[in-house]
Amino acid sequence: TTLYAKLFNGRTVVGETNIDIPKQKQRSPIKSIYLKPAVTALPSVLRAIRQADYIVFTIGDLYTSLLPNVLVGGVAQALRSTKAKLVYACNRTTKNGETNSYTAADYVNTLNHYIGRSLDYIIVDSTIATDRTIKHLVQYNKVGLEQAGVTVNEADLRAEDHRKIDGKKLAAVVYHLCRE
């Protein structure tokens, strides 16, 4: 299957690499994505989703890493029907050409749209509010997210290079959340 992105200017970008790495500096924002030809998930995958207690969407490019998995036939339906809590570990920085200027709420709303169900939890890096060393940080409004029905888990997730999230710190937060 091939990933396609429909842009707000009406153009279509074909292929993950072309979506992930825009050829021009300022590209029209992504309006929607789809797979062609359509593919269907294995029954064992759908069963695992339905039987899970927690499903964690973790750090990655929204339109080229996370959402393509949801587009696979049966996955979004399984995510809607599972009793599992849906957790999103939000990126620390936006991705040029994919999520320019996105806030945590934009990520949540986009995931909710493609899944067809609301996320239960979001994990955000609490150091974003005071970090002045990196551009393009994903800003979040805790009150706004909570009013939208998402439980916000704030933690210092910043890696040493300040651009990325420390995987060990994130794993500890996910572990604690799933043990509650």
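Ala, Val, Leu, Ile, Met, Phe, Trp, Tyr, Cys and Pro count here as nonpolar, Asp, Glu, Lys and Arg as charged, and the others, Gly among them, as polar. By that scheme, the lining of the largest cavity divides into seven nonpolar, one polar and two charged residues. This is a predicted model, where local features need pLDDT of at least 70, side-chain atom pairs count only at pLDDT 80 or more, and totals for chains, interfaces and linings use all residues. Residues are numbered from 1 along each chain as its sequence is written, and side-chain values use heavy atoms, without hydrogens and water.

**Sheet**
- Four strands form an open sheet in the order 4-5-6-7, with parallel pairing (strands are DSSP runs of E, at least two residues, numbered from the N terminus; a pair needs at least two DSSP bridges).
- Strand 4 (54-57) and strand 7 (151-155) are the edge strands.
- Five bridges join strand 6 (residues 121-125) to strand 7.
- Tyr121 stands opposite Thr151 in strand 7.
- Helix 7 (residues 167-179) packs on the sheet and touches strands 4, 5, 6 and 7 (contact: heavy atoms within 4.5 Å; helices: DSSP runs of H or I, at least four residues).

**Helix 3**
- Seven of the 10 residues of helix 3 (residues 62-71) are buried, so the rest of the structure largely encloses this helix (buried: under 20% relative accessible area, 1.4 Å probe, protein chains only).
- Among the buried residues are Leu62, Tyr63 and Val70.

**Cavity**
- The cavity lining includes Cys90, Asp125 and Tyr140 (a cavity is a set of points on a 1 Å grid over the protein atoms alone where a 1.4 Å probe fits but cannot get out; lining residues have an atom within 4 Å of a point).

How values were computed
1 Å grid on protein atoms, 1.4 Å probe; cavity = no way out; pocket = protein on both sides within 12 Å on 5 of 7 lines; lining within 4 Å. Buried < 20%, exposed > 50% of the residue type's maximum accessible area, 1.4 Å probe, protein only. Axes fitted to C-alpha atoms, helices over the stretch in contact; angles between N-to-C directions.
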